[in-house]
Amino acid sequence: MYRKSPNRILPLLLLLLAFAAAPRRAHAQLDASAIMRAQQQGENTNPYGSNPYATEEEGTEQSMPGDTTKKRIRRPLESYFFDDSVRARPNFAYTLSRDYNRVRLVPIDTMLTDWRIDYPFYREGVGDAAIGALGQGSLPLDCFKRPAGGDFDFTNPYYAYLYRMDNIPFYNVKKPMIRMTYLESGQKRYREENFHIMVAQNISPSTGFNVDYKARGTKGRYTWSRARNHTLSVGFNHTGKRYSLHAGYINNRIDRQENGGAVGEWAIADTTYDMPTGVPMRLAEAQAANVYRNNAFFVEQSYGIPLAPVTERDFSIGDLPAVYVGHSFEYNLWSRVYSDTNVPYINERGHRDESGNFVPDTLSYYGNWYVNPMQSRDSTYERVISNRLFVQAQPWDRDGAVGVLDGGVGIDHYTFSQFSPGDYVSGRQHRVRRTSLFVYGAVEGKIRRYVDWDANVRYHLSGYRGGDLSVGANLSLTGYIREHPLILSGSFLLERRSPTYWQEHLFSNHFIWNEPLGKENETRFSVSFEIPSRALELRFTQGVVTDKIYYGSDADVTQAHGGVSLTNLYARKDFRIGGLHLDHRVLAQWSTDQEVVPVPLLSAFLSYYYEFWVVRDVLRLQIGLDGRYHTRYYAPGYNPATSQFYNQREVEVGNYPYVDAFVTAKWKRMRIFLKYQHVNMGLFGNGEYFSVAHYPLNPGMFKMGISWGFYD
């Protein structure tokens with residue numbers, strides 16, 4: 001038997017050890033030029049570790065020298081918009097500022113919180129006074145949240161549905177995300193439907209796109225009350241270390257049958273019909289309708305110029321002094337067509353005769369037919385092209401005492417078109433063009449985690465809105481008790497705003513006005529106190545509005561002379577006892593002139609429900625009741641021909657609790673929705689379930705639906 005000699009084995013082992021150690025010695029001898037060459041070839045020489053956003057394959061693959069087939073390592077999300085806590089999230093969403101180089105984080109709707117609230121105008125505060133069902137207009141009960149002016153103000157009643165440049169969401173997702181939602185209620189003939197699909201995908205950690213589509217509406221529980229509301233947004237975003245780009249396309253369309261409301265409150269409160277379609281409506285036979293269309297496109301881009309050297313230690317330039325320059329462009333086109341026929345309606349309880357019996361009245365909804373005595377077809381058109389150039393200076397870092405200084409200049413080009421008497425001769429609608437030039441600026445900062453502050457100003461130098469001014473400021477002080485924040489905030493707003501073009505110029509079959517109006521002036525300050533960990537919020541707001549522009553009792557535009565003082569007290573407190581949730585939102589308001597700014601004295605939204613795990617970490621359930629209420633007052637009416645809420649003085653509505661019973665569940669990635677809306681109908685209340693004059697809310701009906709998210 002042959003044996004290896006130890007004298008032969010020892011030299012072999014020494015030779016193998018020397019061969020294995022040679023690469024280490026060679027690597028240790030790399031000089032700076034070798035490291036630079038390695039970086040240029042794409043090798044990872046970062047002394048602080050590998051890219052945390054690299055995929056497993058990218059992080060482990062080792063390419064041989066001279067290998068031209070190796071993959072390029074993906075760069076992480078380095079944008080100055082987001083701090084480390086945001087980057088660490090698997091998914092997040094945000095919206096874009098129209099004027100400033102800023103973004104605002106918004107929640108992704110995947111939780112049970114407020115999932116049961118399917119009408120968008122009920123999600124904030126105590127909610128809105130609504131014309132009726134899903135897809136129809138509404139007006140916030142909180143007078144300080146009501147839309148004031150704005151472009152193409154015919155669409156103000158639909159503010160809760162519409163996509164705009166400043167509210168379409170952008171997403172950053174680690175994996176492709178798809179979310180689908182479908183809710184429905186009622187019989188097929190009267191069905192209410194709510195469909196939503198969202199698709200978001202990132203091409204890289206800094207670049208992504210998303211599509212949001214919503215189709216909401218009702219076929220109508222009442223006669224001639226169908227509403228269809230379609231909104232689409234397509235967004236593209238790139239948030240690199242220095243360069244950022246956001247672009248989007250928006251399409252809004254609203255088709256609305258206008259029934260004018262019930263012929264009288266008696267048709268709801270004092271009469272029982274087999275079906276809601278039996279309730280007589282004032283414009284049902286006239287077949288009035290509104291169609292709104294909107295197409296918009298925008299692109300906003302900015303480039304950061306660091307004022308200090310950027311090293312390998314700097315994950316982003318958000319912590320460095322820098323200057324950002326950018327440009328924002330927006331194209332926005334709106335049109336509206338209103339149509340009807342001249343058919344009167346009959347009010348069976350028009351008046352009483354000498355014996356006290358009801359006598360029918362035959363009435364016309366509109367008192368004037370200026371253009372055509374038989375039918376109407378009023379069309380209006382508005383186009384706005386906006387350009388803004390802005391500069392943002394970051395003296396130290398974005399979280400410094402003076403974090404960012406903003407300044408910009410903008411110009412808006414308006415084109416308005418409507419039918420006018422001269423169009424009979426020319427055969428073409430006359431177009432009016434306006435231009436508005438403005439400058440604006442802002443500053444914000446924070447002192448550690450205790451103080452946040454900001455201020456802003458905008459002034460229109462000349463043109464369509466020449467002389468308009470807006471000045472605002474906010475201050476937030478935060479203290480901590482056992483790491484639980486207590487937040488005391490204050491805000492101030494001073495505005496001088498011009499009337500809109502349509503408030504000064506309108507020519508239609510039922511309404512004509514062509515008079516200059518003065519500017520509105522508003523001063524407002526607010527103080528609030530919050531303890532988020534205790535679900536407590538208190539807010540006091542005081543405002544004074546002078547020369548208020550509004551729509552009077554005859555639905556014509558008018559302007560008040562003098563001032564109106566508005567006082568607002570809001571409180572939110574949510575109690576939790578084990579799985580029992582008792583949520584309260586209450587709003588008290590005072591107006592010194594109810595004919596100019598009508599408000600209910602008290603409004604409330606109460607939600608009591610029990611939430612628990614059916615199967616731990618698999619199925620979670622909520623069972624409870626939602627209730628809405630406001631005191632009796634002269635609530636606004638709604639006029640279809642002007643698409644505006646007006647301050648009617650005929651009837652008071654209110655003192656009616658509107659209660660929904662619901663069961664919602666979250667099973668892994670699926671949310672389940674079961675709800676009986678208006679469960680108290682015919683059980684208690686005064687029977688007058690109105691929140692807008694003449695327009696009844698929906699009667700009782702059962703709803704169900706699901707929302708399913710995919711992250712693959």
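This report walks through surface, salt-bridge and aromatic features of a predicted model.

## The nonpolar patch

A nonpolar surface patch of about 990 Å² is built from Leu475, Leu477, Leu488, Phe492, Leu494, Phe525, Val527, Phe540, Leu569, Trp590, Leu601 and Leu602. Strands β19 (469–481), β20 (484–497) and β23 (520–531) each put in at least two residues of that patch. The top contributor is β20, with three residues.

Leucine 494 sits in strand β20 and is one of the patch residues. Its relative accessible area is 32%, so leucine 494 goes down as partly exposed.

Isoleucine 346 belongs to strand β13 (residues 345–352). With 46% relative accessibility, isoleucine 346 is partly exposed. Setting aside neighbours within four places in sequence, isoleucine 346 is in contact with Val263, Pro360, Asp361 and Thr362. For threonine 362, the C-alpha atom is 4.6 Å from that of isoleucine 346, although the two residues are 16 apart along the chain.

Now take asparagine 210, in strand β8 (residues 207–218). Is asparagine 210 buried or exposed? Asparagine 210 has a relative accessible area of 0%, so it is buried. Its side chain has a polar atom 3.0 Å from the backbone oxygen of proline 169. If residues up to four places away in sequence are left out, asparagine 210 touches Pro169, Phe170, Tyr171, Val199, Ala200, Ser233, Val234, Gly235 and Asn237.

## Salt bridges

How many salt bridges turn up in a search of the whole structure? The search finds 33. In one of them, the side chains of aspartate 468 and lysine 519 meet with an N to O distance of 2.7 Å. Aspartate 468 is in the loop between β18 (451–463) and β19, and lysine 519 is in the loop between β22 (512–514) and β23, so this pair ties together parts 51 residues apart in sequence. Aspartate 468 is buried, with a relative accessible area of 5%, whereas lysine 519 is partly exposed at 25% relative accessibility.

Arginine 524 and glutamate 522 also meet through their side chains in a salt bridge, at 2.6 Å from N to O. Glutamate 522 has a relative accessible area of 5%, which means buried. Glutamate 688 forms another salt bridge, with arginine 632, and there the closest N and O atoms are 3.2 Å apart. This pair links distant parts of the chain, 56 residues apart: glutamate 688 is in the loop between β34 (670–677) and β35 (690–692), and arginine 632 is in the loop between β30 (619–630) and β31 (637–639). Glutamate 688 is buried, with a relative accessible area of 17%, while arginine 632 is partly exposed at 34% relative accessibility. Beyond these pairs, Asp118, Glu192, Asp660, Lys675 and Lys703 are linked in a salt-bridge network.

## Aromatic pairs

A pair of aromatic rings is described by the distance of the centres and the angle of the planes. The count comes to 42 aromatic pairs. Tryptophan 115 and phenylalanine 673 make an edge-to-face pair, 5.8 Å centre to centre with 75° between the planes. Tryptophan 115 lies in the loop between β2 (103–106) and β3 (128–130), and phenylalanine 673 lies in strand β34, so the pair ties together parts 558 residues apart in sequence. Tryptophan 115 counts as buried at 4% relative accessibility, and phenylalanine 673 counts as buried at 0%.

Tryptophan 513 and tyrosine 551 form a tilted pair, with 6.2 Å between centres and 55° between the planes. Strand β22 holds tryptophan 513 and strand β25 (residues 549–551) holds tyrosine 551, so here the parts tied together are 38 residues apart in sequence. Tryptophan 513 is buried at 10% relative accessibility, and tyrosine 551 is buried at 8%.

## An aromatic cluster

Which residues form one aromatic cluster? They are Tyr80, Phe81, Phe82, Phe92, Tyr94, Phe170, Phe298 and Tyr324.

Definitions and conventions:
Residues are numbered from 1 along each chain as its sequence is written. This is a predicted model: local features need pLDDT of at least 70, side-chain atom pairs count only at pLDDT 80 or more; totals for chains, interfaces and linings use all residues. Side-chain values use heavy atoms; hydrogens and water are left out. Patches are made of residues with over 30% relative accessible area and no salt bridge: like charges are joined within 9 Å, nonpolar side chains (Val, Leu, Ile, Met, Phe, Trp, Tyr) within 5 Å. Accessible areas come from the Shrake-Rupley method with a 1.4 Å probe; for residues, only the protein chains shown count as cover. A salt bridge is a side-chain nitrogen of Lys or Arg within 4 Å of a carboxyl oxygen of Asp or Glu. Helices (H or I, at least four residues) and strands (E, at least two) are DSSP runs, numbered from the N terminus. Buried means under 20% relative accessible area, exposed over 50%, partly exposed in between (1.4 Å probe, protein chains only). Contact means heavy atoms within 4.5 Å. A polar contact is a pair of N or O atoms within 3.5 Å; within protein, one must be able to donate a hydrogen and the other to accept it, and residues adjacent in sequence count only if both atoms are side-chain atoms. Rings of Phe, Tyr and Trp (its six-membered ring) pair if their centres lie within 6.5 Å; planes under 30 degrees apart count as stacked, over 60 as edge-to-face and the rest as tilted.
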